[in-house]
Amino acid sequence: MAFFRTVSFSEPMPAITGNGIMLRMPQMADYAEWAQLREASRGFLTPWEPTWPSDDLTRGAFRRRLKRYAEDQRADLAYAFMVFRNEDGALVGGLTLANIRRGVAQAGSLGYWMGAQFARHGFMTAALRALIPFANENLRLHRLEAACIPGNDASIRLLEKTGFKREGYAREYLCINGAWQDHLLYARLRSDAP
Ligand SMILES: CC(C)(COP(=O)(O)OP(=O)(O)OC[C@H]1O[C@@H](n2cnc3c(N)ncnc32)[C@H](O)[C@@H]1OP(=O)(O)O)[C@@H](O)C(=O)NCCC(=O)NCCS
C-alpha cells in the first residue's frame, strides 16, 4: 500500500539530519558497534523493552533483523533507523516507525532506545524532531502513535516535549520485560503545532 508514499524505496533511503544527529537505515557494518552498545546498555534498556531473545546480540540475529527491516520497508510496513552523533559518528541509539497502517488510518507507531552512556544529552529529542517531518511529509502519515509504561519518566517527557498528546490508557497493552504492562497512549497529528 504505497499509495500515499512520496519516497521510492527501490533506492536506498536518504539519511535524515537533525540537531547534532543523523538517522539512517541500519547496515551490517553497524553490527559490532550496535551489539557493544546494546550489551553495555542491557540493564538500562531491558526494563522497558520486550524480552531480548538469548541470541539477540549475535551477528546471525542482527543479519535476520536487517532482512526483516528491509522486507518491512519494501512493504511499507515499518522503517527502522539508527541514530548517530554528528560530532564523531558514534552510534547512540535507535528509532523505529512500525505498524504502519495506510487506507483511512495513515498512522504508524514509534519505538526508540538510547544507549545508556548517551542518555539525557538531548539526542532522542533531536532524532524525533528530525523524524516527525519525514514521517508527515515524505511518508504522508497523518498520525504518529507511541505508548509507554506510566513510570517511564524519560519516555513521557520525550513525547510531551516533542508535541505528542496523551490520549488514553491501555490495560496490559504490551508484554514488556516478560510481563503484560499497562501503557499510556500518546499520539501526534500532522496538524499539531511543530
Ligand atoms: C526514553 C529515551 C529513549 C530518551 O532518550 P534520551 O536521548 O535520553 O532523551 P533526551 O535526552 O532527548 O531527553 C528527553 C527529555 O526526557 C528527560 N529525561 C531523560 N531521561 C530522564 C529520566 N531518567 N528521568 C526523567 N526525565 C528524563 C530529559 O531531561 C528531557 O527533558 P528536558 O528537555 O525537559 O530536560 C531513553 O531514556 C531510553 O532509551 N530509555 C530506556 C528505554 C526506553 O524507555 N524506551 C522507550 C520505551 S516506551
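Which helices and which strand each supply at least two residues of the shell around the ligand? Helix H2 (42-45), strand E5 (107-114), helix H4 (123-138) and helix H5 (153-161) do. Here helices (H or I, at least four residues) and strands (E, at least two) are DSSP runs, numbered from the N terminus.

This is a predicted model: local features need pLDDT of at least 70, side-chain atom pairs count only at pLDDT 80 or more, and totals for chains, interfaces and linings use all residues. Residues are numbered from 1 along each chain as its sequence is written.

**View 1. The whole protein chain.** The protein chain has 5 helices and 8 strands. From the N terminus on, the order is β-β-α-α-α-β-β-β-α-β-α-β-β. Its C-alpha trace spans about 40 × 40 × 30 Å along the principal axes. The radius of gyration, taken over C-alpha atoms, is 16 Å. A compact globule of 194 residues would have a value near 16 Å, so the two agree. The globule rule is 2.2 Å times the number of residues to the power 0.38. Of the 194 residues, 25% count as buried. A residue is buried if 20 or more other C-beta atoms lie within 10 Å of its own, exposed if 12 or fewer, and partly exposed in between; C-beta atoms are placed from the backbone.

**View 2. The shell around the ligand.** There are 21 residues around the ligand. Trp 48, Met 124, Thr 125, Ala 154 and Arg 157 come nearest. A residue is near a molecule if its C-beta atom, placed from the backbone, lies within 6 Å of it. H5 gives the largest share of the shell, 6 residues. The shell divides into 12 nonpolar, 5 polar and 4 charged residues. Ala, Val, Leu, Ile, Met, Phe, Trp, Tyr, Cys and Pro count as nonpolar, Asp, Glu, Lys and Arg as charged, and the others, Gly among them, as polar.

**View 3. Helix H4.** The 16 residues of H4 should span 22 Å at 1.5 Å a residue; the end C-alpha atoms are 22 Å apart, so the helix agrees. The expected span is 1.5 Å times one less than the number of residues. Buried residues of H4 include Phe 123, Met 124, Ala 127, Leu 131 and Ala 135. Just after H4, Arg 140 takes a positive phi of about 60 degrees.

View 4. Two strands pair if DSSP finds at least two bridges between them. E3 (residues 79-85) and E4 (residues 91-101) pair in the antiparallel sense over 6 bridges. Val 83 stands opposite Gly 93 in E4. This hairpin has 5 residues between its strands, and Gly 89 in the turn has a positive phi of about 75 degrees. E4 also pairs with E5 in the antiparallel sense, over 7 bridges. Leu 95 stands opposite Tyr 112 in E5. In the hairpin of E4 and E5, Gly 103 takes a positive phi near 60 degrees.

**View 5. The hairpin of E7 and E8.** E7 (residues 165-176) and E8 (residues 179-189) run antiparallel, joined by 8 bridges. Arg 166 has Tyr 186 in E8 as its bridge partner. Between the strands lie 2 residues; Asn 177 in the turn has a positive phi of about 50 degrees. Of the 12 residues of E7, the number buried is 0, so E7 lies largely in the open.

**View 6. Phe 44 in helix H2.** Phe 44 is found in H2. With 15 C-beta neighbours inside 10 Å, Phe 44 counts as partly exposed. The C-alpha atoms of Phe 44 and Gly 115 are separated by 8.1 Å, though the two residues are 71 residues apart along the chain.
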